[in-house]
Amino acid sequence: MHSDSHEALAALDRAHLIHPVSAWRTHEQRGPTILTSGKGAYVRDADGNELLDAFAGLWCVNVGYGQESVVEAAARQMRELPYATGYFHFSSEPAIELASKLVEISPASLRHVYFTLGGSDAVDSAVRYITAYFNATGRSTKKHFISLERGYHGSSSFGAGLTALPAFHYGFDLPRANQHYIPSPYPYRQPDGTDEPAIIAASVAALRRKAEELGPENVAAFFCEPVQGSGGVIVPPRGWLKAMRDACRELDILFVADEVITGFGRTGPMFACEHEDVQPDLMTVAKGLTAGYVPMGAVLMSDAVYNGIADGTPAGQSIGHGMTYSAHPVSAAVALEVLRLYQEGGLLANGQRVALPFAEGLKQMLDHPLVGDARSLGLLGALELVSNKSTKQRFDPALGLSDKLFAAGYRNGLIYRAFGDNILGFAPALCYSEADFETLFRRLRSALDEVLADPAVRAATSD
Ligand code: PLP
């Protein structure tokens, strides 16, 4: 791209484009980083820099960039039938095939699929259906929702209150009176993070306590991510998800697995629920479903929820939840091809194979003076940076460390997520080779060395 057209574009961006979850005035001053192309695990920016993408866009481009067969699938469907509504009993072949495929590959409890445009509206749809379910089955007092501290469930009007990250509440009158949180199962920040049964028991007890406090007859559902993503890639001990699922069953509240990030091979198997054979009442998915090539999400539900709504609604009464682009045929055609790449194309298997060098590479970073914790499940991982490894003290936010970390990564040809509290998030595409991981960790070490060479950071660090 010519630099004058680059500058003109940047000016138009500053003037007109509102960026998700950004400080608007800061963005106007800083301007955009414009990406122009991508191939495999790499993207190119408008200045001609080539960068290794260690975050799969926004943990979504699981198949990597430039998969021609996906482009072909979209083009074929656009030529054939670019749009078909799902209203008025209309349907389309790719939407039908995709719904049945999702039922086939997801936990056996899930039998019905409603398609959305992404994760936020999948969560929002789940909330609407849960409300309709309890009303339809004569339990209309069940209106309270419980989720995890540091959880992320998108930014719809209601979902942003299930999300327990301050930036999503500030100025938006959230959380609502019927939204409640319990602590995260966060091993690194637990007094004895190695006592896994104790962490699980504490979570179960917190859920029971919260439900008892509200009265279980008033609680509709518990929402959780199998691995908390935007909260800092918090990997719970093995057995945690199953224990929470069982506790929900005992309390008679619905268990919703939000697999928007963890789905589609991100943690190894197709869905993270498979690690522990968890059977949710509802599941939300998006991102890896279409690998970010086009927008699509879905909410999957059990027979019990589906039949509860269907049988509890007067005959002929429409269940009033819909979107023009629900079950969009182009998105569905893309998703079918993406699923083929995960399965027959070998990407799921490759992701499982390279999870080991990924985990080892992260662990090796623990010898770096800035790195306090390394954690991962499959190809979802994080490093937590601390100013003092023995006290696990975080850096003073006034240091602006996350901006420095992101900038140093970028200078070294690497894109990762630098969260506010100095956690670095990684979600490499499932097509990564071992050589890609060598590049990732070489560039990462050099970026961290650069940050540590900053006198203010050096002064704040006691190894
Ligand atoms: N749920 C989880 C667990 C997510 O990580 C996200 C997005 O990151 C969402 C929901 C919202 O999805 P979207 O950004 O597609 O609306």
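Helix H15 (residues 434-453) lies across E11, E12 and strand E15 (423-426), and runs at about 165 degrees to E15. Contact denotes heavy atoms within 4.5 Å; axes are lines fitted to C-alpha atoms, for helices over the stretch in contact, with angles from 0 to 180 degrees between N-to-C directions. Helices (H or I, at least four residues) and strands (E, at least two) are DSSP runs, numbered from the N terminus.

The strands belong to an open sheet of 4 strands, ordered E11-E12-E15-E14 with antiparallel pairing. Strand E11 (371-377) and strand E14 (417-418) form the edges, each pairing on one side only. Strands E11 and E12 (residues 380-385) run antiparallel and are joined by 6 bridges; Arg375 stands opposite Ala382 in E12. Two strands are said to pair if DSSP finds at least two bridges between them.

## Basis of the description

The model is predicted: local features need pLDDT of at least 70 and side-chain atom pairs count only at pLDDT 80 or more, while totals for chains, interfaces and linings use all residues. Residues are numbered from 1 along each chain as its sequence is written, and side-chain values use heavy atoms, with hydrogens and water left out.

Strand E8 (residues 254-258) is largely enclosed by the rest of the structure, because 5 of its 5 residues are buried (under 20% relative accessible area, with exposed over 50% and partly exposed in between; 1.4 Å probe, protein chains only). Leu254, Val256 and Asp258 are buried on one side of E8, and Phe255 and Ala257 are buried on the other, so that both faces are covered.

Strand E7 (residues 219-224) pairs with E8 in the parallel sense over 4 bridges, and Ala221 has Leu254 of E8 as its bridge partner. E8 also pairs in the parallel sense with strand E9 (residues 282-285), over 3 bridges; there, Asp258 has Thr284 of E9 as its bridge partner.

## Gln228 in the E7-H10 loop

Gln228 is located in the loop between E7 and H10 and counts as buried because its relative accessibility is 2%. Leaving aside residues up to four places away in sequence, Gln228 touches Leu148, Glu149, Arg150, Gly151, Ser184, Pro185, Val233 and Ile234.

The side chains of Gln228 and Ser184 are joined by a polar contact of 2.9 Å. A polar contact is a pair of N or O atoms within 3.5 Å; within protein, one must be able to donate a hydrogen and the other to accept it, and residues adjacent in sequence count only if both atoms are side-chain atoms.
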